[in-house]
Amino acid sequence: MAATWRVVSQRHTEDLTTSGAFIGVWEVTFETIPGGTVGVIKVPDRIYSADVVRAEIEAKAAQLAAIEDMTNG
């Protein structure tokens, strides 16, 4: 299977929840191939793993690719 995205960077940060608490999250930046669109996902510390990140990027990259492929007309 051809690569459709690649991870550009990742960093640890915090997000404010709807209840007003802060939680640790990993912000992972990726780029679609060949489109070059940059996307970002955030994964909470408690579920952060390669499998979770891969699944979330796959879903977001597919969404971005569908929009990249849109033509006016």
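## Thr32 in strand S2

Thr32 sits in strand S2, which covers residues 22-32. Strands here are DSSP runs of E with at least two residues, helices are runs of H or I with at least four residues, and both are numbered from the N terminus. This is a predicted model: local features need pLDDT of at least 70, side-chain atom pairs count only at pLDDT 80 or more, and totals for chains, interfaces and linings use all residues. Residues are numbered from 1 along each chain as its sequence is written, and side-chain values use heavy atoms, with hydrogens and water left out.

Is Thr32 buried or exposed? Thr32 counts as buried because its relative accessibility is 4%. Buried means under 20% relative accessible area, exposed means over 50%, and partly exposed lies in between (1.4 Å probe, protein chains only).

Which side chain makes a polar contact with the side chain of Thr32? The partner is Glu68, at 2.8 Å. A polar contact is a pair of N or O atoms within 3.5 Å; within protein, one must be able to donate a hydrogen and the other to accept it, and residues adjacent in sequence count only if both atoms are side-chain atoms. Leaving aside neighbours within four places in sequence, Thr32 is in contact (heavy atoms within 4.5 Å) with Thr4, Trp5, Thr37, Ala61, Leu64 and Glu68.

Glu27 counts as buried because its relative accessibility is 16%. Beyond its neighbours within four places in sequence, Glu27 is in contact with Ser9, Gln10, Arg11, Thr13, Val40, Ile41 and Lys42.

Pro34 lies in the loop between S2 and S3. The peptide bond joining Ile33 and Pro34 is cis, with omega about 5°.

## Tyr48 in a loop

Where is Tyr48 placed? Tyr48 is in the loop between strand S3 (38-44) and H1. Tyr48 counts as partly exposed because its relative accessibility is 29%.

Tyr48 and Trp26 are 22 residues apart in sequence, and their C-alpha atoms are 7.3 Å apart in space. Trp26 is also among the contacts of Tyr48.

## Ala62 in the helix

Ala62 belongs to helix H1, residues 50-68. Ala62 counts as partly exposed because its relative accessibility is 48%. Ala62 and Arg46 are 16 residues apart in sequence and 25 Å apart in space, C-alpha to C-alpha.

## The whole protein

From the N terminus on, the elements run β-β-β-α. The C-alpha atoms fill a box of roughly 45 × 30 × 15 Å along the principal axes. The radius of gyration is 14 Å, while a compact globule of 73 residues would have one near 11 Å. That radius is taken over C-alpha atoms, and the globule rule is 2.2 Å times the number of residues to the power 0.38.

What share of the 73 residues is buried? Buried residues make up 23%. Among contacts between residues at least 6 apart in sequence, 34% join residues at least 24 apart. The protein exposes about 5100 Å², and carbon and sulfur atoms supply 56% of it. Accessible areas come from the Shrake-Rupley method with a 1.4 Å probe; for residues, only the protein chains shown count as cover.
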